[in-house]
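The following paragraphs lead the reader through a structure, one topic at a time. Please keep the sequence and the model in view while reading.

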Amino acid sequence: MNQTEFKFTRSSIINGKIFAIDWLYKNKYKFKPVINKIFRGDTFTLDINHYNTIINNIEFMYNDSDCHWAETDGTKIWINIWNDNRWTQELLNYTIIHECLHGLIKRKGKYYTSEYKEHIIMGNIDKQLV
């Protein structure tokens with residue numbers, strides 16, 4: 001197999017999950033200063049249970065019309081395999097993290113953050129997330 005080829009396998013998903021869990025615990029310290037700036041002093045919490053739950057609920061979809069890498073509804077992640085020659089393990093890893101981060105940050109401990117602000121926060125934490 002050519003080194004640039006990537007195949008979706010159970011091990012590629014498992015490796016992505018391991019990477020995503022490790023990434024969160026290594027990078028949690030980056031969230032507070034970025035979120036404080038975006039929320040302008042409002043309190044917030046990180047719903048780690050959400051992150052750990054959604055990471056264990058990944059499925060595949062095929063959608064060649066809107067070309068999204070992945071999507072989530074807050075309980076499940078769907079990885080779009082419509083053009084699998086674009087994928088790499090690194091891209092899969094960061095896509096899983098990106099989708100897990102949706103719903104992680106709760107303003108005042110209970111209000112969801114808008115997708116727009118989530119993307120700003122992600123970009124300020126790590127450019128590979130957006």
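Strand β1 is joined to strand β5 (residues 105–107) by 3 bridges, and the two run antiparallel. Strands here, like helices, are DSSP runs numbered from the N terminus: a strand is a run of E with at least two residues, and a helix is a run of H or I with at least four residues. Two strands are said to pair if DSSP finds at least two bridges between them. Within β5, K106 is the bridge partner of T45. The model is a predicted one, in which local features need pLDDT of at least 70 and side-chain atom pairs count only at pLDDT 80 or more, while totals for chains, interfaces and linings use all residues. Residues are numbered from 1 along each chain as its sequence is written, and side-chain values use heavy atoms, with hydrogens and water left out.

The pairing of β1 and β5 belongs to an open sheet of 3 strands, which has the order β1-β5-β6 and antiparallel pairing. Its edge strands are β1 (44–46) and β6 (111–112), each of which pairs on one side only. In general, strands of a sheet pair through backbone hydrogen bonds, either parallel or antiparallel.

Strands β2 and β4 run parallel and are joined by 4 bridges; in β4, N80 is the bridge partner of M61. Strands β3 and β4, by contrast, pair in the antiparallel sense over 3 bridges, and I77 of β4 is the bridge partner of T72. The hairpin of β3 and β4 has 4 residues between the strands, and there G74 takes a positive phi near 95 degrees.

The next topic is the pairing of charged side chains. Side chains of opposite charge can pair when their charged atoms come close. A salt bridge is counted when a side-chain nitrogen of Lys or Arg lies within 4 Å of a carboxyl oxygen of Asp or Glu. How many salt bridges does a search of the whole structure find? The search finds 4.

K106 forms a salt bridge with D47, their closest N and O atoms being 3.1 Å apart. This pair links distant parts of the chain, since K106 lies in strand β5 and D47 in the loop between β1 and α3 (48–54), 59 residues apart. Are the two partners buried or exposed? With a relative accessibility of 7%, K106 counts as buried, whereas D47 is partly exposed, with a relative accessible area of 26%. In these terms, buried means under 20% relative accessible area, exposed means over 50%, and partly exposed lies in between (1.4 Å probe, protein chains only).

A further salt bridge joins the side chains of E59 and K76, at 3.2 Å from N to O. Here too the pair links distant parts of the chain: E59 is in strand β2 (residues 58–61) and K76 is in the loop between β3 and β4, 17 residues apart. E59 counts as partly exposed, at 33% relative accessibility.

D22 and K26 also form a salt bridge, with their closest N and O atoms 3.0 Å apart. Both residues lie in helix α1 (residues 10–27), 4 residues apart, about one turn of the helix. D22 is partly exposed, with a relative accessible area of 37%, and K26 counts as exposed at 54% relative accessibility.

The loop between β3 (70–72) and β4 (77–80) also holds D73. At 48% relative accessibility, D73 counts as partly exposed. D73 gathers with D64, D66 and E71 in a patch of negative charge on the surface. Such patches are made of residues with over 30% relative accessible area and no salt bridge, like charges being joined within 9 Å and nonpolar side chains (Val, Leu, Ile, Met, Phe, Trp, Tyr) within 5 Å.

Finally, the backbone deserves attention. Most residues other than glycine have a negative phi, and most peptide bonds are trans. R40, which is not a glycine, has a positive phi of about 50 degrees. R40 is located in the loop between α2 (31–39) and β1 and is exposed, with a relative accessible area of 72%. K108, likewise a residue other than glycine, has a positive phi near 55 degrees. K108 is placed in the loop between β5 and β6 and is partly exposed, with a relative accessible area of 49%.

Notes:
Accessible areas come from the Shrake-Rupley method with a 1.4 Å probe; for residues, only the protein chains shown count as cover. Lys and Arg count as positive and Asp and Glu as negative; His and the chain ends are not counted. The place of a charge is taken as NZ of Lys, CZ of Arg, CG of Asp or CD of Glu.
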